Amino acid sequence: MSSKSGDISNSSRADDIPVYKNTYTVYQYNLHRSVNENIHNHIHQIEHLLNHVEGRERTPKSEWNKLLFWGKFVGSDATHKLTEPRRCGWGHFPPNADKAYDYSSEKIVLSDIEDWTPDGSGNFKEISADRWGKVEADWHLLWMQSLPGRNNKLTYKNQKLRNWWSFIGDWDKAVTNGYQLVK
């Protein structure tokens with residue numbers, strides 16, 4: 001994705017996409033692969049957008065676990081592995097995974113992905129890949145459904161959480177208005 005705020009892509013960001021005044025996103029789909037990999041690309045783009053909004057690139061790696069999106073929602077530190085308790089995970093790591101791309105793990109863990117709250121006060125319940133039918137694309141759909149959306153009643157440090165889909169749906173408006181993950 002390229003916008004007036006620069007290259008915010010799921011890419012190497014080494015002058016691989018021109019920056020113009022209007023935002024655009026380019027996805028490259030490999031039609032010889034499955035829908036799993038194509039949705040996977042979208043997940044990483046969402047992760048990059050939210051990390052950019054929160055300033056992960058400017059945050060020392062030792063502090064990533066304290067970030068709202070990466071630390072509290074994803075539940076990961078700078079190693080990209082999940083910390084305890086298990087939160088919502090990310091594109092390569094469902095909450096029950098111990099290694100990347102393990103979308104069919106039968107390991108059962110406690111996770112709050114279906115009732116996520118920043119402070120961890122949501123309902124933690126047992127979850128394994130059975131929840132998403134051991135299908136990568138279905139894992140990604142569950143993950144996207146867990147993002148704070150419209151009319152969410154979540155707060156973080158006494159501030160209401162914004163609808164995080166506003167960054168995905170209208171990046172230019174979000175940037176112009178200085179939106180953050182909290183209102």
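Let me begin with the second largest pocket of this predicted model, where the lining residues divide into six nonpolar, one polar and three charged. Those residues are Val53, Glu54, Lys66, Leu67, Leu68, Tyr156, Lys157, Gln180, Leu181 and Val182, and the space that lies in this second largest pocket comes to about 160 Å³. As for how such space is found in general, rolling a probe the size of a water molecule over the atoms shows where empty space is left.

Just after H1 comes Gly55, which takes a positive phi of about 85 degrees.

Next is the largest nonpolar core, which has 42 residues, and the ones with the most contacts inside it are Phe69, Phe73, Trp143 and Trp164. Two or more residues of this core come from each of H1, helix H2 (68-74), H3 and helix H5 (171-176), with H1 giving the most, namely six residues. If we look at Trp143 and leave out residues up to four places away in sequence, this residue touches Ile43, Ile46, Glu47, Phe69, Phe73, Cys88, Gly89, Trp90 and Ile113.

Finally, consider Lys153, which sits in the loop between helix H3 (136-145) and strand E5 (155-156). Is Lys153 buried or exposed? Lys153 counts as exposed because its relative accessibility is 77%, and the cut-off for that word is over 50%. Along the chain Lys153 and Thr117 are 36 residues apart, while their C-alpha atoms are separated by 9.5 Å.

Key:
Residues are numbered from 1 along each chain as its sequence is written. This is a predicted model: local features need pLDDT of at least 70, side-chain atom pairs count only at pLDDT 80 or more; totals for chains, interfaces and linings use all residues. Side-chain values use heavy atoms; hydrogens and water are left out. Helices (H or I, at least four residues) and strands (E, at least two) are DSSP runs, numbered from the N terminus. On a 1 Å grid over the protein atoms alone, a cavity is a set of points where a 1.4 Å probe fits but cannot get out, and a pocket is an open set with protein on both sides within 12 Å along at least five of seven lines; lining residues have an atom within 4 Å of a point. Grid points are joined across faces, edges and corners, and a volume is the space filled by probe spheres set on the points. Ala, Val, Leu, Ile, Met, Phe, Trp, Tyr, Cys and Pro count as nonpolar, Asp, Glu, Lys and Arg as charged, and the others, Gly among them, as polar. Buried means under 20% relative accessible area, exposed over 50%, partly exposed in between (1.4 Å probe, protein chains only). A nonpolar core is a set of buried Ala, Val, Leu, Ile, Met, Phe, Trp, Tyr and Cys residues joined through side-chain atoms within 4.5 Å. Contact means heavy atoms within 4.5 Å.
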